[in-house]
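Keep the viewer open alongside.

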Amino acid sequence: MNDVARRKAAKEFVKFWQGKGYEKGQSQPFWLQLLGDVYGVEHPAQFISFENQVMLDHTSFIDGYIEETKVMIEQKSLGKDLLAPIRQSDGTLLKPIEQAKRYAAELPVSKHPKYIVTCNFAQFLVYDMEHPHNEPEEILLENLPEEYYRLDFLVNNGKAHLRKEMQVSMAAGELVGKLYEAFLQQYRDKTSEESLRSLNKLCVRLVFCLYAEDAGIFGQHDMFHDYLAGFDTKHMRTALIELFRVLDQRPEERDPYLEESLAAFPYVNGGLFADENIEIPQFTDEIRSLLLEKASFDFNWSEISPTIFGAVFESTLNPETRRKGGMHYTSIENIHKVIDPLFLDELKNEFTKIKNNTVKKTRRMQLENFQKKLAQLKFLDPACGSGNFLTETYICLRKLENEVIRLLTGGEMILGELLNPIQVKINQFYGIEINDFAVSVAKTALWIAESQMMKETEDIVHMPLDFLPLKTYTNIHEGNALRMDWAEIVPPQELHYIMGNPPFVGARLMSIAQKNDLLAIFENVKNAGNLDYVSCWYKKAADYMAHNSVRTALVSTNSITQGEQVAILWKPLFEHGVHIDFAHRTFRWDSEASVKAHVHCVIVGFSCAPNNKPKIIFNDEQIAFANNINGYLVDADNIFIQNSSKTVCASAPQARSGNKPIDNGNYLFSEEEMEEFLKKEPEAKKYFRPWIGSYEFINRKPRYCLWLGECSPAELRKMPYCLERVEAVRKFRLASKSSGTVKLADKPTRFHVETVPDKTFLVMPLTSSERRRYVPIGFITPNYLASNLVVVVVDANMYHFGVITSNVFMAWMRAVCGRLKSDYRITKDNVYNNFPWPQPTQAQKEKIAQTAQAILDVRAKYPDSSLADLYDDAVMPFDLLKAHRANDRAVMEAYGFDVKTTTESSCVAVLMKMYQQLVEQAK
């Protein structure tokens, strides 16, 4: 089937299936017709199989499986939310993708799917199992005639056009990178700032020319290629310099005797070619081939996405420069997590209401006013990088405007009535960026976006619109946004929205200049030095928004909503009138650059102006409406959990840090190292004790510690190898810059912090994976030594264990703990000591002790499994899960929670109120 036939078949398929879709009765006809009619499979019933059995703890059935291309299908009825959990026959709640993954895990390895498709007849979500943590690609049934190629992977192993636009943009970025490197080698001084600045400008200009010839902006396809191809390598530099000069000249200002090949190029305007003195090196045969063959003749630049390409283009920068600057590149899906709830959803809803108005005269007036509104909106990205937030926002507004134009004109244009129907301009979009190359890229991305959207408008009004010379100018400003007055860029009374993805640099990783930026902005804020760099943009935005209607949404490292940073940042902001309007809780933020950036982020939408819209919390595709969103991104009062050295509940057992040797590793051994040591010094055997930190406890793989703290001098002198270790520790401590550590050298056999209980004690890992529903907690016997990477509770009994291993404590921990990446970091001063304990009856207390013991009894049934195995959600034994659920119910009853209706967020809200009351009572 050719493209025309497939597009026609897809249209007929969509028309037939629009509004239909019953899972049990129509799934098989839907897929058979799709494969046969649209993708040309001759015998689709032999190509796809349905209802294949898979054995879990019960018999289940795979809705659809294509063995040839390794595609698994999980089908749901029309209207079902493909991202929402559905109750299974065994009582568990699983999203369709989780259900499919469970089936996949039971298949032979040779049949593991390459792709999993979840479908509800109107929507396909495609998961690439080579990248199982990536967001799914969405394909809507209604778009199938235009996007049928995105499902080619169903029938052809070699064709996966799921992300064609992205792939083209990535390939374009790779080409730019090759050109960049090839030109760089030709510069006399490769480290000169002026040379590198010139190289950046050269690359931007070349990209614009390559795009312009493919998009028809220059007026003739391959015009740039054909002009340069007329010169040999030796003369290409001069030819390019001459072209750049001509592109910056109005036709009336040009030499009347210009060669025809140059005179045919249009005037560009916009300042892109204004600087005639940039340094351009000599060409080589490699550069000539790269530019004319790879970049021009063999590549179609008109298909790039300016939103993605801007970020990919910027990836030609040195990765080390990106890391130090905190730059992270953003997917279109993640950009929409910011802009949709900030303004785009509201605009789309408004347009839908206008579109559905049946009174023609009123609808026309509303459409005209809506278009004027779009043209008046102004946006600022104060850390705009390559401009992807601004570019994507511009494209979204122009798409809305094009829909308005389509309705106003009825698809026809009366000549002279409307010479230029476009009102939305790129000069509505303001940016601040410290990197000069990124500034150039951002401007170019906006111009490319403007060109692409103008083409779409031309198709609507059926008349040509002149793109060149550039008529609107970008408002991208180069400079340090933290040292600039944003009001001088755009006055607050004229701006509507601030958005962006400011640099991610941790509090301990900032450069001196960045630390000075932060301290200048948080001049009078106590402990501000513990804030991450991104916090600066929150404070600057809050100051800018005071007394006006501007609203902001920023992407941030999740640390600003966890642990000690919450009180430092959010308390002064709330006190000055800031409130949070919406938030995305922690999720992984992936980039589209060639060097991937995986960071764990939150998105916070906030403002000072009154907000009558519902507050929304997004959490793993789930949406919850909130009365108030506090600094922990929880629906609760604005309460701040301060570090405490003692428990807020007098009845709770005190927690301690584990042992901290400060020994430079001299006292710590793997099992093999210990055995080797004991071959030389068998007398030391009684001084070795198992050593448990977070990793060792969870994986049941202890290391060993040489504990000589209670060894007498006489015994120690009989063990020369032990004495050698003691002397090494003493010298290490004496060499320290810390006076406290130097002082500790007087007691080289002792630890800096010593916690050596003489009875069984409870340990909590300091860090644990966020993928676990329950953090593994448990008892260990006194022959073990706990490291400072666990929290130790010496006087804990079975009741205490039951409470802190429950879902109530886990909910509290998830809300207030700090994070290492996205892993939980459970400190005693922040998480454990501030936890509000219940006030149970004696019967409730005994019940919790019983359910807690039941958890340990089930664990004991699996002696060959580590706690990492037992608490992996994918393989957690069902009897252990049942034991935990019984314990959860017992603990929730002790708090007075309704087991059926209490959500995690409502639980945390109550706990925070309890915490506040306890703190006030203690004053």
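H547 sits in the loop between α20 (535-545) and β13 (551-557); helices (H or I, at least four residues) and strands (E, at least two) are DSSP runs, numbered from the N terminus. The model is a predicted one, where local features need pLDDT of at least 70 and side-chain atom pairs count only at pLDDT 80 or more, while totals for chains, interfaces and linings use all residues. Residues are numbered from 1 along each chain as its sequence is written, and side-chain values use heavy atoms, with hydrogens and water left out.

Most residues other than glycine have a negative phi. H547 has a positive phi, near 70 degrees, without being a glycine. F121, also not a glycine, has a positive phi of about 75 degrees, and is found in the loop between β6 (115-119) and β7 (123-128).

Buried or exposed? H547 is exposed, with a relative accessible area of 85%, whereas F121 is buried at 1%. (Buried means under 20% relative accessible area, exposed over 50%, partly exposed in between, with a 1.4 Å probe and protein chains only.)

## One face of α4

Helix α4 (residues 96-105) has P96, I97, Q99, A100, Y103 and A104 buried. Seen down the axis of α4, these buried residues fall within an arc of 160 degrees, so they line one face of the helix. The arc is that of the directions from the helix axis to the C-beta atoms. Residues three or four places apart point the same way because an α-helix has 3.6 residues a turn.

## Salt bridges

How many salt bridges are there? The count comes to 26, taking a side-chain nitrogen of Lys or Arg within 4 Å of a carboxyl oxygen of Asp or Glu.

Take R197 and E478, whose closest N and O atoms are 3.4 Å apart in a salt bridge. R197 lies in helix α7 and E478 in strand β11 (residues 475-478), so the pair ties together parts 281 residues apart in sequence. R197 is partly exposed at 33%, and E478 is partly exposed at 42%.

K378 pairs with E494 in another salt bridge, with closest N and O atoms 3.2 Å apart. That pair links distant parts of the chain, 116 residues apart: K378 is in the loop between α15 (360-376) and β9 (379-381), and E494 in the loop between α18 (486-489) and β12 (497-500).

R703 and E696 also meet in a salt bridge (2.9 Å, N to O). R703 is partly exposed at 34%, but E696 is buried at 8%.
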